Amino acid sequence: QVQLVESGGGLVQDGASLRLSCAASGRTFSSYFMGWFRQVPGKEREFVASISRQGGWTDYADSVKGRFTISRDNGKNTVYLQMNSLKPEDTAVYYCAAHSLVITKTTTVSNWGQGTQVTVSS
């Protein structure tokens, strides 16, 4: 059982940068794989990025590779998503996720945050 709270979303212009944060409750943060997903109304939730327990391994969707970077600070119980060169097609609600095992495109995640809106204008 873990509670996740995202922050850092907002309205930016094409080409801008944002950093999302996800703060987790509890003392077992380092035992979770963490990830980011995003969702547009009417569409399925889409995998964006994931990171291993100690941060030694990361994975990204092809659509964000080279532009987004996931990282974590276990001392602060926080996961980050640095988003650079944002495009209008990145507009979505971004959700933080925690799972006991590796998070991939097909993972059924056990814990979700409430989401934070990212809007990129052209």
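The legends below describe close-up views of a predicted model. Residues are numbered from 1 along each chain as its sequence is written, and side-chain values use heavy atoms, with hydrogens and water left out. In this predicted model, local features need pLDDT of at least 70 and side-chain atom pairs count only at pLDDT 80 or more, whereas totals for chains, interfaces and linings use all residues.

View 1. Strand β4 covers residues 33-39; strands are DSSP runs of E with at least two residues, numbered from the N terminus. Six of the seven residues of β4 are buried, that is, under 20% relative accessible area with a 1.4 Å probe and protein chains only. Strand β9 (residues 92-99) runs antiparallel to β4 and is joined to β4 by seven bridges; two strands pair if DSSP finds at least two bridges between them. W36 has C96 as its bridge partner in β9. Strand β5 (residues 46-51) also pairs with β4 in the antiparallel sense, over five bridges, and here F37 has F47 as its bridge partner. In a regular strand, side chains alternate between the two faces of the sheet.

**View 2. The hairpin of β4 and β5.** Six residues lie between the two strands of this hairpin. In the hairpin, G42 takes a positive phi near 85°.

**View 3. T78 in strand β8.** T78 belongs to strand β8 (residues 78-83). T78 counts as buried because its relative accessibility is 10%. The T78 side chain reaches the backbone oxygen of K76 at 2.8 Å, a polar contact (a pair of N or O atoms within 3.5 Å, one able to donate a hydrogen and the other to accept it; residues adjacent in sequence count only if both atoms are side-chain atoms). Leaving aside residues up to four places away in sequence, T78 touches S21, C22, A23, F29, R72 and D73, where contact means heavy atoms within 4.5 Å.

**View 4. T107 in the loop between β9 and β10.** The loop that holds T107 lies between β9 and β10 (111-112). With a relative accessible area of 18%, T107 is buried. A polar atom of the T107 side chain lies 3.3 Å from the backbone oxygen of V102. Not counting residues up to four places away in sequence, T107 touches H99 and V102.

**View 5. W57 in the loop between β5 and β6.** W57 is found in the loop between β5 and β6 (58-60). W57 counts as partly exposed because its relative accessibility is 33%, partly exposed being the range between buried and exposed (over 50%).

Notes. Helix = DSSP H or I, 4+ residues; strand = E, 2+ residues; numbered from the N terminus.
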